Amino acid sequence: MILKHDHTMRVVENARKITDAEDIPSPMREAALLAAVYHDAGRFIQYRDYGTFRDAESANHARLSIRAIKNHGLLDGVPEPIRRLTVGAVALHNVRAIPEKTTPAIRTALSVVRDADKLDILPVILDHCDQGGDNPVVMHGATPDPYRFTPELFEQILSGRLGDYELIRWTNDFLILLAGWIYDLNHPYSCGRVLDDGLLDRIFAHLPETTEFKTLRDSVTSHAMRKRRA
């Protein structure tokens with residue numbers, strides 16, 4: 001519970017930095033910051049009722065977050081336009097990819113929350129890896145192995161697609177999927193943070209030193225650099 005609380009506070013700070021750097025206008029800015037506060041409100045219900053943070057083994061935590069917002073009146077008093085955008089951003093913050101029909105205003109607020117979430121999760125997981133940890137909760141239930149990985153997942157990321165969580169079997173798979181998150185970052189500031197904070201270097205430091213993984217690293221890094229300059 002403390003881990004999720006601290007995570008939320010860092011996501012809010014990341015969201016604030018993104019909205020400042022990208023000059024996100026109102027009401028999307030306010031909605032993005034509120035959605036950052038409440039995006040994981042359902043995690044507390046999820047762990048209490050199911051004893052896990054894995055949606056596949058329990059319930060969609062975004063839907064649980066919406067339930068918590070409504071049941072506790074967390075957005076009472078917030079102007080309707082901001083409230084609507086906030087609920088939309090919370091509801092979609094954990095989808096694999098932002099739906100094409102998402103309205104521009106919700107997409108803007110949502111993109112900030114998704115980036116801010118990733119910018120916090122990445123170093124938390126990498127800190128765990130640096131300490132030699134193999135906690136299944138942190139590593140998405142992956143089986144520890146220094147060399148094995150799932151080729152299908154590797155090819156998804158190499159081709160510039162987002163990884164399928166259902167393909168995660170080994171710890172390397174989870175790290176490969178994290179590398180693929182770079183393709184889902186929406187803002188130049190976010191890609192700059194990933195590069196400047198050395199997060200890609202840290203991901204690949206835990207993956208096998210082979211030609212194929214060097215190719216993957218070069219591909220993901222090039223994408224981040226291009227996006228940063230956008």
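## Helix packing and selected residues in a predicted model

Leu 122 is buried, at a relative accessible area of 2% (buried means under 20%, exposed over 50% and partly exposed in between, with a 1.4 Å probe and protein chains only). This is a predicted model, in which local features need pLDDT of at least 70 and side-chain atom pairs count only at pLDDT 80 or more, while totals for chains, interfaces and linings use all residues. Residues are numbered from 1 along each chain as its sequence is written, and side-chain values use heavy atoms, with hydrogens and water left out.

Leu 122 belongs to helix H6 (helices are DSSP runs of H or I with at least four residues, strands are E runs of at least two, and both are numbered from the N terminus). Not counting residues up to four places away in sequence, Leu 122 touches Leu 178, Trp 181, Val 194, Leu 199 and Ile 203; contact means heavy atoms within 4.5 Å. Arg 202 is 80 residues from Leu 122 along the chain, and their C-alpha atoms are separated by 9.6 Å.

Asp 120 is also placed in helix H6. With 4% relative accessibility, Asp 120 counts as buried. Its side chain makes a polar contact with the side chain of His 7, at 2.6 Å. A polar contact is a pair of N or O atoms within 3.5 Å; within protein, one must be able to donate a hydrogen and the other to accept it, and residues adjacent in sequence count only if both atoms are side-chain atoms. Leaving aside neighbours within four places in sequence, Asp 120 is in contact with His 7, Arg 10, Val 11 and Asn 14.

Two helix pairs are set out below. Axes are lines fitted to C-alpha atoms, for helices over the stretch in contact, and angles run from 0 to 180 degrees between N-to-C directions.

| Helix pair | Axis separation | Angle |
|---|---|---|
| H1 (residues 2–21) and H6 (residues 104–130) | 8 Å apart | about 125° |
| H3 and H4 | within 7 Å | roughly 110° |

H1 and H6 are therefore oblique to each other, and H3 and H4 are therefore roughly perpendicular. Angles under 35 degrees count as roughly parallel, over 145 as roughly antiparallel, 65 to 115 as roughly perpendicular and the rest as oblique.

In the contact between H3 and H4, H3 supplies Ala 41, Gly 42, Arg 43, Ile 45 and Gln 46, and H4 supplies His 61, Leu 64, Ser 65 and Ala 68.

Helix H4 covers residues 61–71, and His 61, Ala 62, Leu 64, Ser 65, Ile 66, Ala 68 and Ile 69 in this helix are buried. These buried residues pack against helix H2 (28–38), helix H3 (41–50) and helix H5 (80–92). The N-terminal end of H4 is capped by Asn 60, with a side-chain oxygen 2.8 Å from the backbone nitrogen of Ala 62. After H4 comes Gly 73, whose phi is positive, near 60°.

The loop between H1 and H2 contains Asp 23. Asp 23 is not a glycine, yet its phi is positive at about 55°. This residue is exposed, with a relative accessible area of 64%. Pro 27 is placed in the loop between H1 and H2. Ser 26 and Pro 27 are joined by a cis peptide bond, with omega about 0°.
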